[in-house]
Amino acid sequence: MTPRVCAPPAARLHGRVVETCTLSAGLRDAMFTLLTSHFVGVDRRTFERDLDEKRCAILLEDDASRLHGFSTMVVYESHAAGRSVWVVYSGDTIVDRAWWGTPALARSWVRAVRQLAPANV
């Protein structure tokens with residue numbers, strides 16, 4: 001069994017939600033680099049197209065603002081059982097292995113859903 005890898009106890013990840021249209025080229029590069037360091041066959045054009053289809057991204061950064069994880073999100077309205085429902089879909093998601101086990105992504109994801117939910121939900 002492989003031992004669990006965790007970040008140093010003094011280190012923390014901070015999650016923030018940003019609109020994808022505001023992501024700088026440098027941040028997009030960092031996101032792509034992180035994704036390709038963990039997955040085989042990731043294509044830049046596909047990554048960019050998918051990112052452009054998402055409304056926002058959760059960025060997981062350390063105290064020095066270095067990117068260690070992210071998740072992309074889209075929110076849309078659908079219909080089920082005769083009712084309107086809001087759907088939150090998470091796209092590309094990655095957390096650097098050194099930070100596995102930290103709660104930053106889960107906490108940030110819940111906070112993002114609350115931010116994105118329409119006021120009448």
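Author: Let us take helix H2. Its buried residues pack against helix H1 (25-36), strand E3 (67-80) and strand E4 (83-95). Keep in mind that this is a predicted model.

Start with the helix itself. H2 covers residues 44-53, and its buried residues are Phe 47, Glu 48, Asp 50 and Leu 51. Why do these residues sit on the same side of H2? They cover an arc of only 165° around the axis, so they share one side of the helix. The face turned away from the buried side carries the exposed residues Arg 45, Asp 52 and Glu 53. Here buried means under 20% relative accessible area, and exposed means over 50%.

Next, look at the N-terminal end of H2. Asp 43 caps it. A side-chain oxygen of Asp 43 lies 3.1 Å from the backbone nitrogen of Arg 45. Arg 45 is also one of the exposed residues on the outward face.

Now follow Phe 47 inward. Phe 47 is buried in H2, and it belongs to the largest nonpolar core, which has 14 residues. Phe 47 is among the residues with the most contacts inside that core, along with Leu 23, Met 31, Leu 59, Leu 67 and Phe 70. Which elements give two or more residues to this core? They are H1, H2, strand E2 (56-61) and E3. H1 gives the most, with 5 residues.

Leu 67 is then in contact with Leu 27, Ala 30, Met 31, Leu 34, Leu 59, Leu 60 and Glu 61. There is also a second, separate core of 12 residues. Ile 58, Val 75, Leu 105 and Ala 112 are included in that second core.

Step back to the whole chain. It has 3 helices and 4 strands. Read along the sequence, their pattern is β-α-α-β-β-β-α. Of the 121 residues, 34% count as buried. Take the contacts with a separation of 6 or more: 58% of them join residues 24 or more positions apart.

Two loop residues deserve a glance. Most residues other than glycine have a negative phi. Ser 65 has a positive phi, near 65°. Ser 65 lies in the loop between E2 and E3, and at 53% relative accessibility it counts as exposed. Ala 81 also has a positive phi, near 55°. Ala 81 is in the loop between E3 and E4. Ala 81 is exposed, with a relative accessible area of 82%.

Finish with the largest pocket. About 180 Å³ of space lies in it. Strand E1 (14-19) and helix H3 (104-116) are the elements that give two or more residues to its lining. H3 supplies the largest share, 4 residues. Residues lining this pocket include His 14, Gly 15, Arg 107 and Arg 111.

Back to H2, then. One side holds Phe 47, Glu 48, Asp 50 and Leu 51, all buried. The face turned away holds Arg 45, Asp 52 and Glu 53, all exposed.

Notes. Residues numbered from 1 in each chain as written. Predicted model: local features only at pLDDT ≥ 70, side-chain atom pairs only at ≥ 80, totals over all residues. Heavy atoms only, no water. Buried < 20%, exposed > 50% of the residue type's maximum accessible area, 1.4 Å probe, protein only. Arc of directions from axis to C-beta. Contact = heavy atoms within 4.5 Å. Polar contact = N/O pair within 3.5 Å; in protein donor to acceptor, adjacent residues only side chain to side chain. Core = buried A, V, L, I, M, F, W, Y, C linked by side-chain atoms within 4.5 Å. 1 Å grid on protein atoms, 1.4 Å probe; cavity = no way out; pocket = protein on both sides within 12 Å on 5 of 7 lines; lining within 4 Å. Points joined across faces, edges and corners; volume = space filled by probe spheres on them. Lists of a residue's contacts leave out its neighbours within four places in sequence.
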